[in-house]
Amino acid sequence: MRHIRPETSHDRVFALLGFGDKSAPFADARAGFEFGSRNEAAPTLPNGIKEKMNPKLSTRMGWATRLHAYLLWVAIGHPSVLWLYLTGSIRYLLIGLGIPSGAARHVAAVRKEFETYSAQGQFKERWFDGNIVPWSTTFRPIFDRSAPVQILEIGSWEGRSSLFLLTYFAKGRLTAVDTWSGGDEYEYNATADLQDLESRFDGNTASGIDRLTKRKGLSLQVLPQLLDEQQRFDVIYVDGSHFSDDVLMDAIVAWRLLNQGGVIIFDDVLSPFYTRARANTAWALKTFMKYHTGEFKLLSAGYQIILQKSVTFTDEVATEVGELAGFQYDEVRG
Ligand SMILES: C[S@@+](CC[C@H](N)C(=O)[O-])C[C@H]1O[C@@H](n2cnc3c(N)ncnc32)[C@H](O)[C@@H]1O
């Protein structure tokens, strides 16, 4: 397993912006923010807003109502979200029941392999397992399981989703980005689970150690490093911070890191973790999808949203600006 963290030009840019520099004006706010005791004392953000989380024990009904409200909200502007939510729910249910048999056999084989490996680990949480049917079904027509697929995961926790990705893509290589310090959501912060989180991740992913690279740190800092290193990925799973600013940043940089035809999965899209609507993942996703309209195919929508990138990213902004101003960018640079 490799641990790499060279300083890059992006580090310096982020340091200038105040991220990662303890003496910088935003550092205190972000410190409470990332590793957070959000429930006990909501930290003040750089914009002065005190971010509050919805209470842990809100009723199931209240949670479900908010969740579906977010679904409708995301679907405004992207009606196919609603359609895929309905058809996907039925499709995944049928596959779970064995229909059609080809897809069901595929999922069963993947699940069996995954369970063999995961039985050797020490997992405290199983919430990933609801994704086995949608992921296996979505990946099947796009990727050859034995191809050397490049995978990026933002948010690995104790490694259950990482182990699944390493199992599904038998020759895939996974880069796992995590602070291994937990997140804002009440399940993940300040619990005893955090004490041995990283060593549990190491143990749980040991079967794929030769194909795994850990990048410990905030996604805000690590993803630009990956760009600097000119790394590219075929599958990206975004499941780190669920605060909208972070998700939007992750989405924007991950989009650049994703190959054309590659697949990006966003988790917890409909979770109403935060009281303020715009602080939630749904807002970031809605904004991201609007901005990139026409550049992706929506593959699956529900609690997770899965997109396939249909364009190649070319960074032409500076040239365009130059042309608008009536000069050639090369002339200005030279
Ligand atoms: C929901 S858990 C990931 C669960 C995992 N993908 C799974 O399905 O088993 C979120 C993880 O993201 C990490 N995290 C939260 N904010 C982060 C950030 N800004 N940068 C990197 N990792 C972060 C936390 O440490 C935590 O391990």
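What covers the buried residues of helix 5? In this predicted model, the cover includes helix 4 (80–96), helix 6 (132–139) and helix 7. Helix 5 itself runs over residues 101–118, 18 residues in all. From first C-alpha to last, helix 5 reaches 25 Å, close to the 26 Å expected at 1.5 Å a residue. Its buried residues are Val-107, Val-110, Phe-114 and Ser-118. Viewed down the helix axis, these buried residues fall within an arc of 70 degrees, so they line one face of helix 5. The other side of helix 5 carries the exposed residues Ser-101, Gly-102, Arg-105, Ala-109, Lys-112 and Thr-116.

Pro-100 is joined to Ile-99 by a cis peptide bond, with omega about -10 degrees. Most peptide bonds, by contrast, are trans, and most residues other than glycine have a negative phi.

Two residues in this model have a positive phi without being glycine: Trp-157, with phi near 55 degrees, and Gln-230, with phi of about 60 degrees. Trp-157 lies in the loop between strand 2 (150–154) and helix 7, whereas Gln-230 lies in the loop between helix 9 and strand 5 (233–238). Their surroundings make a handy contrast. Trp-157 is buried, with 29 other C-beta atoms within 10 Å, while Gln-230 is exposed, with 7 other C-beta atoms within 10 Å.

Leaving aside residues up to four places away in sequence, Ala-254 touches Leu-223, Ile-236, Val-238 and Ile-264.

For the chain as a whole, the secondary structure comes to 13 helices and 8 strands. Of the 334 residues in the chain, 37% are buried. Among contacts with a separation of 6 or more, 69% are between residues 24 or more positions apart.

Definitions and conventions
Residues are numbered from 1 along each chain as its sequence is written. This is a predicted model: local features need pLDDT of at least 70, side-chain atom pairs count only at pLDDT 80 or more; totals for chains, interfaces and linings use all residues. Two residues are in contact if their C-beta atoms, placed from the backbone, lie within 7 Å. Helices (H or I, at least four residues) and strands (E, at least two) are DSSP runs, numbered from the N terminus. The expected span of a helix is 1.5 Å times one less than its number of residues. A residue is buried if 20 or more other C-beta atoms lie within 10 Å of its own, exposed if 12 or fewer, and partly exposed in between; C-beta atoms are placed from the backbone. The arc is that of the directions from the helix axis to the C-beta atoms.
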